[in-house]
Amino acid sequence: MTVQLLMIMGTLILTVNQVRAAGEVSGITQISGDTVEFHLDSNDWADVHYKVNGGNQRNIRMTLSANGNRFQLNNLSSGDSISYRFTYWGSERFAVGTSIQNYTLQSEQAKDTDNDGVVDSIDQCPATRQGATVNDVGCELDSDNDGVVDSLDLCPNTQSGQAVDTNGCELAAEMTGIEQVGSDSVNFYVDNNAWADVHFKINGGGQRNIRMLESGSGNHFQLNNLSIGDSIVYSFTYWTGKSATDTENKTYTLQSSSVNDADGDGVIDSIDLCPNTRPDVIVNEVGCEVEPEIDSDSDGISDAIDQCANTPVGTTVNEFGCPINGADITPLFNADTVLEPSVISETNNAVITRFADRGRDRHAKEDHFQAYDHYLSHYWTHRTARFKFVDTVAKGGSDIEITFVTEWKLGVKEFRAWYRGIGTVAEYHGNYENHVQEIANGTFDDNLELVGNDGNQYKYRLTIDQFIDLDGTRSELALGQYMEIEVSQFLDNAPEGRDNYYGTTYLYQVGVGGMVPWKTVGDFADQSSERENSYPIDESAWLGGKTTLPYQYTAEPDNHFMQMATNLSSVNGQAFVLGRRVHHTNMGSGEHDESVKNGVFEELKNSIGTHYVNNSCSSCHARNGRAPVAEVGETLDKWVFKVADSEGNADPLIGSVLQPNNVGIAEQDSEGDVVLTSWSESNGLRSPNYAFSKNRPAKFSARLAPQLVGLGLLEAVSEDVILKREDPQDTNQDGISGRAQKVTDPVSGETRLGRFGYKAGASSLKHQIAGALNTDMGVMTSVLPRPDCGSEQTSCNNQGAELSDEHLDNLVKYIALLGVRPQRDIEQQQVIVGKQKFNAIGCESCHRDTMKTSSYAPFAELRDQTIHPYTDLLLHDMGAGLADNLGEGQATGSEWRTAPLWGLGLSVCVTGGVIDVDRNKQGDEICSPDESYLHDGRARTIEEAILWHGGEGQLSNDNYQNLSAANKEALIAFLRSL
């Protein structure tokens, strides 16, 4: 057992003298001829474990002081051998162990503090790194005198005086760059003899990525039709002969054919109207000095655009300089919020990535099977895995140590890496089956530490120390390389379901850490191409930040919205699938709605309420997408009808939501149902008509079940970010007066920012989900333990939490951590133009392009992410055409929260599902589109949805109608790309 434990620590834990976070450094120091001091600079407890001359191990709790943890060991003799290691409470809130180190006590005269073989009395470099080769005065060797020591020098024979990079290699003189070749043209160049890509943005627009033209003089790409003053941000990716390398971003401003700038003010002489300006002053576009921006009230907004002068110092303001109306709003998250461990963390010696995976039926690039994105039976039992990559490459090391824990023992221990793609699109150069070692079994904590011998979990380890290129060329690992992996879960006689599963296909960035969304390059049928090799998707298309999924290559258009986030943390893999099990459970029968093989969830059986709308979450949210619009004459059991009396209070016979289905209730006590009777049409637009089987409520609001992806990210956006766009008085007079919804937290009673639901009636994801359980399924939780009943109803008799907090929390994690598909077709000119028109006609005023999530978001996957949801989460008056007669909270009947647009182009196939063209042919399913938009599905096309925009959206509607046919098509193409 002792040997096993040491092996575990050797695999998982930090080595001595590594830094877990600032201040956590450990080691040993000889302070006299017979005394050493163990030290570990953390601000919590630490233990030292040591043996002297191979004797019995002693385990000592060290003394904690302002200087960290210390323990002195006395009465030693010169030559004594001490083996030692530490265990301490790390800054990421779990126990950390170090690897075993050895120290030999020296005489006072022979002390060698840095263990470099040179005694301190003559050591001119007393803090040399461990293991470094030194000269006779204790300093690291630099044989070629290039300023890079031999241990780090990748080019050890550089000529004297040659400029080198941090690896000691000769710097190429202007190998990459840009040159202006005309008044409206530039030429990008890369002086290499292999492929090269240029990446550029013009005036802050969308990024374009172009494979350059290769010729005898290197790679070139000419960009034309520019204008003087255009700003071009550019970088290159090119093949060095061993690996791909990326250059830093640089900026070039297009100048006239006369490119001189005599006064160095950044404006070329040919257009400089003030040619002798000092270079340290601020100038305008014609080179003349301008006054710096004045901000009289010091609120960060210049007087030129400040709509609210004299704001008190310290007041938080929006982008117009006006106070944010959020003084009474309590943030969801703050500096005291407990944070889950980061997905990516760093030490002195490694970048560490922790992520989770689930079993798959087939592989990620097999469109002929259509069996990758779906979920098989028993997916929540024994079929997830937790991974930890300890990558030393970024810190000067040469390998990646990989540890993973499965929920059941593996039969075949496959770890596949480095895409090959010769025989199939699921073929890899490296199948490390023979390198994967089984380490231990039992139960493991979130850091993959063994905490008990009982349990079905198994731990495995391997090390990867070579890069294998597509053509099979092998080389050392290097910073920035991309490694495609797939870990198959071939279970060893699992107690339920089948045994053989594949894993998710990930693209890992060496030395950087983390999994990145990927795309394929080349056609498998063309073996002279890159045959579907994987590359990172451009970050501008990462709609969901690092949660963003790869593009889908398996022809499963109905499954886009059911996937776990690409950066799903190792602590949340099992919680995610357990939450999905709740999501797909019939709260009446306890059955799983996807497969009878999944059995009955006894704990949730019979938890459905006396009155309810439908029996499971997934019954309304089809594959996590929008519910389909019913046919005329059908009962609307996938809709929510919020109802009220004439005063806006809960209907006395119904409550706040009409619940058409019942358990054990006589017909006369039911709330009745609603039928879609017809559509009214006017000017090509339609609106629904409803019939209530019982008394028609005085006020009601009909809402179709929305799609679920991205909700966790929207919750993670801080209140300040959202409120900065609030402009209730339209102070900038742009016709947009978005305002925040304020709601009461059902648990704490605090006022919070509303952000979920068609009228932003829920403040948090847990609040929204608990509300849906309560009114849609009649299932009570600790958040909302009382049923939705009218004052005159006598048949509401289930109270108190029926769904445990554990199941509710898992369900929240499942919804919060769904991945978002990336934007597609970002390099197509029509899509680029469409985005420009989207912004130009005013759509971005409400459908906000970019937000940053909070550093205080508790789920690591959602923290500090740059996202593109295309919503401001504010309420806007959309005019009489879209209004109903029931408000909600502070929202009127005509006010609606801006709908997020991510996933818009994929939603029709998710809702409609697929049909079999030929049931005798495997993988022959195609999309059966079901297109409907807006809160009640009235819009049959995206264009109809635009044309329904009134009120604050009327100007954008008018601008859209004034576009040319080509620009309308471009704008729609952009929206479909989301």
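**Ground rules**

I count two strands as paired if DSSP finds at least two bridges between them. Strands are DSSP runs of E with at least two residues, and helices are runs of H or I with at least four, numbered from the N terminus. My residue numbers start from 1 along each chain as its sequence is written.

**Entry 1**

I began with strand β23 (residues 416-419), which is joined to β24 by 3 bridges in an antiparallel run. Within that pairing I found Ala417 opposite Gly430 of β24. Stepping back, I saw an open sheet of 4 strands in the order β24-β23-β29-β32, with antiparallel pairing. Its edges are β24 (428-431) and β32 (505-509); each has a single partner strand, so one side of each lacks a neighbour in the sheet.

**Entry 2**

Next I followed another open sheet of 4 strands, ordered β10-β11-β15-β14 and antiparallel in its pairing. Here β10 (176-182) and β14 (213-215) are at the edges with a single partner strand each, so one side of each is left without a neighbour. The twist averages 30 degrees from one strand to the next. I checked β10 against strand β11 (residues 185-190) and got 6 bridges in the antiparallel sense. Gly177 has Tyr189 in β11 as its bridge partner.

**Entry 1: confidence**

I then looked at pLDDT, the predictor's confidence in each residue on a scale from 0 to 100. The protein chain has a mean of 88, with 91% of its residues at 70 or more. Residues 1-23 stay under 50, and for them the model has 77 contacts beyond four places in sequence, a contact being heavy atoms within 4.5 Å. A note to myself: where pLDDT is low, the predicted coordinates should not be read in detail.

**Entry 2: rings**

How many aromatic pairs does the structure hold? I get 39 aromatic pairs, where rings of Phe, Tyr and Trp (its six-membered ring) pair if their centres lie within 6.5 Å, and planes under 30 degrees apart count as stacked, over 60 as edge-to-face and the rest as tilted. I opened the pair of Trp45 and Trp89: the ring centres are 6.5 Å apart and the planes at 35 degrees, so this pair is tilted. Trp45 lies in the loop between β2 (35-40) and β3 (46-52) and Trp89 in strand β7 (residues 81-89), so the pair ties together parts 44 residues apart in sequence. Trp45 is partly exposed at a relative accessible area of 25%, and Trp89 is partly exposed at 31%. My classes are buried under 20% relative accessible area, exposed over 50% and partly exposed in between, with a 1.4 Å probe and protein chains only.

I also found one aromatic cluster, whose members include Phe355, Phe387, Tyr460 and Tyr508. Two arginines sit over rings: the charged end of Arg358 is 3.7 Å from the ring centre of Tyr375, and Arg580 lies over the face of Tyr379 at 4.9 Å from the ring centre. The test asks for NZ of Lys or CZ of Arg within 6 Å of the ring centre and within 35 degrees of the ring normal.

**Entry 3: β9 and its partner**

In a regular strand the side chains alternate between the two faces of the sheet. β7 and β9 run antiparallel and are joined by 4 bridges; Tyr84 stands opposite Gln101 in β9.

Strand β25 (residues 437-444) runs antiparallel to β26, with 7 bridges joining them. The two form a hairpin with 5 residues between them, and Leu448 in the turn has a positive phi of about 65 degrees. Phe444 stands opposite Leu450 in β26.

Is Lys459 buried or exposed? Lys459, in strand β26 (residues 450-464), is buried at 0% relative accessibility. Its C-alpha atom is 5.3 Å from that of Ala440, 19 residues apart along the chain.

Note on methods:
Predicted model: local features only at pLDDT ≥ 70, side-chain atom pairs only at ≥ 80, totals over all residues. Heavy atoms only, no water. Axes fitted to C-alpha atoms, helices over the stretch in contact; angles between N-to-C directions.
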